[in-house]
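Hi,

Here is the structure I promised to pass on. Have a look, and my notes on charges and surface follow below.

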Amino acid sequence: MEKSLQKLTLTDRRKLEVGGVLEIISYDDENITMYTALGNLRIGGENLEVGTAFSENGTVEITGYIRTIHFCDGRYCLLYTSPSPRDS
């Protein structure tokens, strides 16, 4: 089985684990931008915090309220967003 370059695990829009992170480019409580094995990754939300940063396998743990996940590899981009129950 091939080893994956990147893995994302989102739990209840409150915790995100990202594997394959090479560098955290910038972060504040609303946006976190990272450079990963597969390109740039931007996380948007509220009260975002970087918990575990750069474990042995390049995993970063983010907590807070996650609203968007935006991938861009320089050629293609993908934006994941879903409406919040609080927005209804």
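Let me start with Ile25, which is found in strand E3 (residues 21-27); strands here are DSSP runs labelled E of at least two residues, and helices are H or I runs of at least four, numbered from the N terminus. Before going on: this is a predicted model, where local features need pLDDT of at least 70 and side-chain atom pairs count only at pLDDT 80 or more, while totals for chains, interfaces and linings use all residues. Residues are numbered from 1 along each chain as its sequence is written, and side-chain values use heavy atoms, with hydrogens and water left out.

Back to Ile25: its relative accessibility is 46%, so it counts as partly exposed (buried is under 20% relative accessible area, exposed is over 50%, partly exposed is in between, with a 1.4 Å probe and protein chains only). Together with Leu22 and Tyr35, Ile25 makes a nonpolar surface patch of about 300 Å². Patches take residues with over 30% relative accessible area and no salt bridge, joining nonpolar side chains (Val, Leu, Ile, Met, Phe, Trp, Tyr) within 5 Å and like charges within 9 Å. The areas are Shrake-Rupley values with a 1.4 Å probe, and for residues only the protein chains shown count as cover.

Now the charged side chains. There are three salt bridges in the structure, each one a side-chain nitrogen of Lys or Arg within 4 Å of a carboxyl oxygen of Asp or Glu.

Lys15 pairs with Glu17, with 3.4 Å between the closest N and O atoms. Lys15 is partly exposed at 31% relative accessible area, and Glu17 is partly exposed at 31%. Lys15 also meets Glu61 in a salt bridge, at 3.9 Å from N to O. Glu61 sits in strand E6 (residues 60-72) and Lys15 in strand E2 (residues 15-18), so this pair ties together parts that are 46 residues apart in sequence. Glu61 has 22% relative accessibility and is partly exposed.

The remaining pair is Arg67 with Glu46, whose closest N and O atoms are 2.6 Å apart. This one links distant parts of the chain, with Arg67 in strand E6 and Glu46 in strand E5 (residues 39-50), 21 residues apart. Both ends are partly exposed: Arg67 at 24% and Glu46 at 26%. As for shared partners, salt bridges join Lys15, Glu17 and Glu61 into one network.

Cheers
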